[in-house]
Amino acid sequence: MPEHKAPVGATDDVDVAAAAVAGVETAAVDTAAVDDVDAVTRAVLTASRVLVAVSARSLAQVEERVTLPQVRMLVVLSTRGATKLVTLADLLQVAPSTAMRMVDRLITAGLADRQTNPGNRRETLLRLTEEGRRTVEDVTARRRAEIATIVERLTPGQRTAIVEALTAFSEAGGEPPVPDVTDGPDGMPHPLGWVDPPTGHDG
């Protein structure tokens with residue numbers, strides 16, 4: 001029986017077809033990955049709106065006295081202790097002149113004050129007053145309580161899933177975890193999620 005040979009180029013056509021199928025499958029996988037990223041991004045943005053609203057409500061009691069940037073300055077002073085102006089400006093990613101204006105407003109409001117650096121008397125350190133510390137603790141407690149109320153509406157399974165998902169998201173973003181409620185000074189958590197190791201002062 002004569003041997004049937006594939007026409008010249010037939011094998012190449014099969015290879016091209018197989019490659020095309022593989023390309024379609026790869027494209028489908030890539031599209032699914034993009035769609036998944038988009039879906040997660042939308043979900044995170046939606047959740048962020050909830051958290052922004054919670055933060056805004058937690059500031060409602062103090063908004064006549066301080067702005068959100070000023071509250072963050074109070075938070076940094078709360079977690080670090082007495083801090084040099086240049087360090088404070090660097091942590092907040094603002095110009096030293098901007099940080100100085102914010103500090104002046106906080107001092108006028110009785111929420112912060114200045115002290116001489118005991119390690120270098122030519123330097124001035126900024127710190128919270130007792131009223132400033134109470135303000136941070138109050139805002140923090142209000143926000144934690146409202147978030148806890150939302151979390152209580154979830155099932156145990158949903159809570160486990162959200163802890164795993166948000167932990168992974170925070171790690172990907174390089175954000176350290178917020179300590180447990182009993183880990184902060186006087187049993188208070190580090191406020192508002194802006195965590196920074198506390199120090200006595202910046203030398």
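Which side chain makes a polar contact with the side chain of Arg114? The side chain of Asp104 does, at 2.6 Å; a polar contact is a pair of N or O atoms within 3.5 Å, where within protein one must be able to donate a hydrogen and the other to accept it, and residues adjacent in sequence count only if both atoms are side-chain atoms. This is a predicted model, in which local features need pLDDT of at least 70, side-chain atom pairs count only at pLDDT 80 or more, and totals for chains, interfaces and linings use all residues. Residues are numbered from 1 along each chain as its sequence is written, and side-chain values use heavy atoms, with hydrogens and water left out.

**Overall make-up**
- The protein chain has six helices and three strands, taken as DSSP runs numbered from the N terminus (helices H or I, at least four residues; strands E, at least two).
- From the N terminus, the order of elements is α-α-β-α-α-β-β-α-α.
- Of the 203 residues in the protein chain, 24% are buried (buried is under 20% relative accessible area, exposed over 50%, partly exposed in between; 1.4 Å probe, protein chains only).

- The three strands form an open sheet in the order 1-3-2, with antiparallel pairing (two strands pair if DSSP finds at least two bridges between them).
- Strand 1 (83-84) and strand 2 (112-117) each have a single partner strand and stand at the edges, so one side of each lacks a neighbour in the sheet.
- Two bridges join strand 1 to strand 3 (residues 120-128) in the antiparallel sense, and Lys84 has Leu125 in strand 3 as its bridge partner.

**Arg114**
- Arg114 lies in strand 2 and is partly exposed, at 38% relative accessible area.
- Leaving aside residues up to four places away in sequence, Arg114 touches Met100, Val103, Asp104, Ile107, Thr124, Leu125 and Leu126 (contact means heavy atoms within 4.5 Å).

**Salt bridges**
- The count is five salt bridges (a side-chain nitrogen of Lys or Arg within 4 Å of a carboxyl oxygen of Asp or Glu).
- One of them joins Glu146 and Arg57 (2.3 Å, N to O); this pair links distant parts of the chain, with Glu146 in helix 5 (residues 130-151) and Arg57 in helix 1 (residues 10-58), 89 residues apart.
- Glu123 and Lys84 also meet in a salt bridge (3.9 Å, N to O), linking strand 3 to strand 1 across 39 residues.
- Lys84 counts as buried at 17% relative accessibility, whereas Glu123 is partly exposed at 22%.
- Asp138 and Arg142 form a salt bridge (3.1 Å, N to O) within helix 5, four residues apart, about one turn of the helix.
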